[in-house]
Amino acid sequence: MEVYRKEYPNPQFERNNWQNLNGEWDFGFKKAKHGFKFSTDEKTAVEIYNACDYTHKINVPFCLESELSGIGFTDFVNLAWYRKKVTISKGKNRVFLHIGAADHLTTVLVNSRSVGRHKGGYTPFKFEITDFVSEGENEIFILCEDNVKDPLVCRGKQSERRESHGCDYTRTTGIWQTVYLEYVPQSYIKSIKIYPDAENSGVTLKADFEGKEDFACEVLYEGKTVGKAERKNAFGSSFFHMDLSEKHLWEVGNGRLYDLKLSFGDDKVSSYFGLRSLRLDGFKFLINEKSVFQRLVLDQGFYKKGIYTAPSDADMIKDIQLSLDLGFNGARLHQKVFEPRFLYHCDKMGYIVWGEYPNWGLDYSKPESVAVFLAEWAEAVERDFNHPSIVGWCPFNETWDYHGRRQYDPLLSTVYDFTKTADTTRPCIDTSGNFHVKTDIYDVHDYSYDIRFFKGNYDKLVTENVLYEHVLNDNPNRQKYGGQPVFVSEYGGIKWVADTSIKSWGYGEDVKTPEEFAERYCGLTEALIGNKKMFGFCYTQLYDIEQEQNGLYTYEREKKFSDDILDKIRATNQTIAEIEK
């Protein structure tokens, strides 16, 4: 069985002493049954471990629904279990088992003993297994429980019906990111947070330590040392400030990165950062004090053969490059927490993105959703804080009524307040599209397809400083525009069918020719670029996904239009925006 995804999963915090566990695992699963409830402790995992059969081999890190997993079972599944024999040589090191992401509730046994549980399908987790393993062969068992119909499970764009439909797609059950072991000294660096100071050409580092050792940090730019910090007998949590002898700004289209080399006793960690600033100024979004119009495209992070998991590092780079080739400068990473390596490539390529969480499926009308969502969202913000490509947070998307019940507004305001406390450097949109409660930016989703009607609505933002009810679901009982910065964070969605073998889906009235597609795309986009109170747009979407046939590329990332049509789209996207002048 071919082993995929051999690269280190997180370049933001990289050690050399690690062991990739991707590839073939023994595997079994159980189809969903009515009334399934998640286990409350590790007893279920122990029972399954003692009694289960391994009827398949699965290729980790691909979900069982995917072609690349070797299974391709797409019906509902509640339970999936994995087993692998692993040879370990730990010496005097501590041993940690890392799982990049597994959906949804995961229990891990090592040599038949429980080592931990994690809830949430989109963020990484680790368990120290030093005392559970011995030199030589060891057994790792992983049980994943999932139920997209549970009202306290965030499913994102995973279909809650048996088949894909509309803008919901094939589900992802179980492990879908890299599994690996990491060997660290007894004293080690637990985590870092990086605070660049672009104006004063400096950087502050917050490091959390286990143990007490001498600490040193070296900052390099293209191999040249440009900053240093040291501390004898460091321990606990410590801050280190370094002035930089050279100033190289991280900018849109120019991902200039500084390298970090960290040492804490025998522990060695590599990282990086970008030197840039963000702030809102009236209706403008400033990056390094320059008004930058955000030419974004919706990217949902689905792959035909891997579903949630990119088959290779090159596939992630290709998605970013396809977007750049059409004149976009970034993306909304939609209803999914993307892999750290995707964000790493965004950082390198100067590609701006918004961090989002897959809130669909959660019953956000219930007060108990606050605790569920905050726990998962906090892990996402913590994981991705250091990425310069992330220019804002958007924890929720389109909080429509849930079975006729309105959203619990304190959920949105509490998550907003937490986000602003956890990260003072970025703006936060409480819920993209609707219904806003407490937000730095008043974004809008508008799939109107009549160009004159579309333009007229946003012209009134300039002439009258208002956004209208028929566009925004804007009424005094749900949300009210308060003069915040504005951008249209979803629009277009123009259906042009590439795969006629399936029943296609898209937004608005279908266009009949590629030329008509280009005319509508350019007209809608020009209405936003030419609006002096609009700081950006986000077009739906970069590529087709299953039945949703409104991408600019096919699901296989092939061209859907002639070069002439693509040239028109690119030229429109690259037009200098009014707010940039």
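Before the first part, a cut-off: buried here means under 20% relative accessible area, and exposed means over 50%. Also keep in mind that this is a predicted model.

I start with helix 4, residues 369-384. At 1.5 Å a residue, its 16 residues should span 22 Å, and the end C-alpha atoms are 23 Å apart, so the two values agree. Which residues of helix 4 are buried? They are Ser-369, Val-370, Phe-373, Glu-376, Trp-377, Ala-380, Val-381, Arg-383 and Asp-384.

Three strands form an open sheet in the order 13-14-17, with antiparallel pairing. Strand 13 (188-197) and strand 17 (237-243) are the edges, each pairing on one side only. From one strand to the next, the twist averages 20°. Between strand 14, residues 202-210, and strand 17 there are seven bridges. In that region, Ala-207 stands opposite Ser-238 of strand 17.

Last, Lys-6, in the segment before strand 1 (18-20). Is Lys-6 buried or exposed? Its relative accessibility is 58%, so Lys-6 counts as exposed. Leaving out residues up to four places away in sequence, Lys-6 touches Trp-18 and Asn-20. Gln-19 is 13 residues from Lys-6 along the chain, and their C-alpha atoms are separated by 9.7 Å.

Methods: Residues are numbered from 1 along each chain as its sequence is written. This is a predicted model: local features need pLDDT of at least 70, side-chain atom pairs count only at pLDDT 80 or more; totals for chains, interfaces and linings use all residues. Side-chain values use heavy atoms; hydrogens and water are left out. Helices (H or I, at least four residues) and strands (E, at least two) are DSSP runs, numbered from the N terminus. The expected span of a helix is 1.5 Å times one less than its number of residues. Buried means under 20% relative accessible area, exposed over 50%, partly exposed in between (1.4 Å probe, protein chains only). Contact means heavy atoms within 4.5 Å. Two strands pair if DSSP finds at least two bridges between them. Axes are lines fitted to C-alpha atoms, for helices over the stretch in contact, and angles run from 0 to 180 degrees between N-to-C directions.
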